[in-house]
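This report describes selected strands, a helix position and a pocket of one protein model. The structure is shown first, and the description follows.

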Amino acid sequence: MADWMTGSNDHDGGPDRGNLLVVDDEPFLRDAVAASLRFLGFEVATADTGTDALRLARDRPLDLMVLDVMLPDTDGFDVVRRLRADGCYVPVIFLTARDTQADKVTGLTLGGDDYMTKPFGLEELAARIRSVLRRTRRGAAAGPVLSFADIELDQDSYEVRRAGHLIDLSPTEFRLLRYLMLNPGRVLTRAQILDHVWDYDFGGSGTVVATYIGYLRRKLAFHGPEVIHTQRAVGYKLRLPRDAAQMASEHEGVRGDSEADDAA
């Protein structure tokens, strides 16, 4: 069963605007979450099975999905796998009573944006939804294609190319590279990366960040020099390869000399 109801305000792209899908087979919880989000101004559809969730996600544009992991016909992880395989990258916040570290890592690695364990507060859920929407909309505002050195990341097609070569990235690797490319030259701490890429605090551990930085470096290194720089004991940043940085510096020097000659 699925339904769609509109919140009290028109959808204008603000922090409490957007089309959401709430998927849970517990009627009381599903209806309570949906009613709270509609009160805040969101347009909310609901579903109680993975089949309905897939149909709604494919039939209408969504800004975010709140998805229970344990559903009667399948699990939320499989729903996300099938959506990603279809090229649908709607942001997902998982809801579940399963709070093991392995389940959290599985959900976030598949492409989930956050993971909340039951029971949870509706205010906290709303805050996390706003956080994910701010992050995803900020990337969209930067334009569909991000570029750094010889790397291009297309946010619409979810394709990454380096020197013209297509790079196959997992959803988490894609989000990690995207966050780095939105902040070129800026040192991003492990805590910032956890918050923006996974939107979840793994007990303060940066191990998962280092692991995925390693994955990303290896894939990018097939077609060019290192661009991800480690700032010891702090975090990571994108830095131009030495040759490219030297060329940029020389270009600035030449331009400066030319401007000086013009002024003379």
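## Terms and basis

Two strands count as paired if DSSP finds at least two bridges between them. Strands (E, at least two residues) and helices (H or I, at least four) are DSSP runs, numbered from the N terminus.

The model is predicted: local features need pLDDT of at least 70, side-chain atom pairs count only at pLDDT 80 or more, and totals for chains, interfaces and linings use all residues. Residues are numbered from 1 along each chain as its sequence is written, and side-chain values use heavy atoms, with hydrogens and water left out.

## Strand β4 and its neighbours

Strand β4 (residues 64-68) pairs with β5 (residues 92-96) in the parallel sense over four bridges, and L67 stands opposite F94 in β5. Between these strands the chain passes through helix α3 (residues 76-85), and this β-α-β crossover is right-handed (with the strands pointing away from the viewer, the path from the first strand over the helix to the second runs clockwise). Strand β2 (residues 19-23) also runs parallel to β4, joined by four bridges; L20 has L64 as its bridge partner.

Five of the five residues of β4 are buried, so the strand is largely enclosed by the rest of the structure. Buried means under 20% relative accessible area, exposed over 50%, and partly exposed in between (1.4 Å probe, protein chains only). L64, V66 and D68 point one way from β4, while M65 and L67 point the other way.

## The antiparallel sheet

An open sheet of four strands has the order β7-β8-β9-β10, with antiparallel pairing. Its edge strands, β7 (145-148) and β10, each pair on one side only. From one strand to the next the twist averages 25° (axes are lines fitted to C-alpha atoms, and angles run from 0 to 180 degrees between N-to-C directions).

Within this sheet, β8 (residues 151-154) and β9 are joined by four bridges. L153 stands opposite V160 in β9.

## The second largest pocket

The lining of the second largest pocket has 13 residues, of which Y89, Y158, I167, D168 and L169 lie nearest its centre. Elements giving two or more residues to this lining are β9 (159-162), β10 (165-167) and α6 (171-182).

## Position V105

V105 is found in helix α4 (residues 101-109) and is partly exposed, with a relative accessible area of 33%. V105 and Y115 are 10 residues apart in sequence and 9.3 Å apart in space, C-alpha to C-alpha.

Definitions and conventions: On a 1 Å grid over the protein atoms alone, a cavity is a set of points where a 1.4 Å probe fits but cannot get out, and a pocket is an open set with protein on both sides within 12 Å along at least five of seven lines; lining residues have an atom within 4 Å of a point.
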